[in-house]
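Work through the exercises below with the sequence and the 3D view at hand. Try each task before reading its solution.

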Amino acid sequence: MNRGSVRSLVLASAYAGWTGSLPAEVVEQRLRQTIPDLDLPADQVVARYNSPGLLTESAPPAVRDENATIMADFHPGGMKTMVRALAEADLRGALPRIRVPTLLLYGGRDVRSPLTIGADLHAQIPASKLVIIPGVGHLSNVEAADRFNSEVRSFLHEM
């Protein structure tokens with residue numbers, strides 16, 4: 001990465017693509033489940049993926065409801081394209097070339113992008129800092145917004 005164009009990087013619940021971060025059988029299982037699910041009515045998709053899934057079951061009801069409202073406005077075709085792109089991506093080779101300070105934020109209870117992925121990205125990105133926000137899931141920025149924002153501010157002030 002050209003240091004002149006990017007000064008820092010913040011990655012939340014990130015992958016090196018599904019293929020770059022997950023076992024092949026997990027990638028295949030996610031595709032087999034997710035693609036058909038996206039043809040279901042929006043309320044059923046939200047029920048399957050919102051909580052537990054993207055959020056923990058302990059997320060406040062208002063947070064779960066707000067996220068459900070946002071999720072319900074998805075476009076099946078666009079989501080299928082995004083899911084396939086995530087599944088096919090393998091960005092492991094790019095990680096060691098990231099030469100800017102990088103903050104990796106992960107929810108301690110993230111079932112979509114487990115902590116092992118964060119640890120792997122941290123090991124591969126030379127100037128990275130891994131922060132685990134306890135008790136929250138994949139959307140740590142939603143479920144623990146104050147802590148998430150505090151970590152980002154702190155990181156950026158260190159630049």
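## Exercises on a predicted model

**Exercise 1.** Is Tyr 15 buried or exposed?

Solution. This is a predicted model. Take the relative accessible area of Tyr 15, which is 17%. Buried means under 20%. Tyr 15 is therefore buried.

**Exercise 2.** Classify Trp 18 by its relative accessibility.

Solution. The value for Trp 18 is 3%. The cut-off for buried is under 20%. So Trp 18 counts as buried.

**Exercise 3.** How do the rings of Tyr 15 and Trp 18 pair?

Solution. A ring pair is described by the distance of the centres and the angle of the planes. Start with the count: there is 1 aromatic pair. Tyr 15 and Trp 18 form this pair, at 6.5 Å centre to centre. Their planes stand at 70°. An angle over 60 degrees counts as edge-to-face, so the pair is edge-to-face.

**Exercise 4.** Which charged end sits over the ring of Trp 18?

Solution. Look at Arg 30. Its charged end sits over the ring, 5.1 Å from the centre.

**Exercise 5.** Describe the surroundings of Thr 19.

Solution. 
- Place: Thr 19 is in helix H1, residues 18–21.
- Contacts: leaving aside residues up to four places away in sequence, Thr 19 touches several residues, among them Val 27, Leu 86 and Arg 92.

**Exercise 6.** How far apart are Thr 19 and Ile 70 in sequence and in space?

Solution. In sequence, they are 51 residues apart. In space, they are 27 Å apart, C-alpha to C-alpha.

Key:
Residues numbered from 1 in each chain as written. Predicted model: local features only at pLDDT ≥ 70, side-chain atom pairs only at ≥ 80, totals over all residues. Heavy atoms only, no water. Phe/Tyr/Trp six-rings, centres within 6.5 Å; stacked < 30°, edge-to-face > 60°. Buried < 20%, exposed > 50% of the residue type's maximum accessible area, 1.4 Å probe, protein only. Lys NZ or Arg CZ within 6 Å of the ring centre and 35° of its normal. Helix = DSSP H or I, 4+ residues; strand = E, 2+ residues; numbered from the N terminus. Contact = heavy atoms within 4.5 Å.
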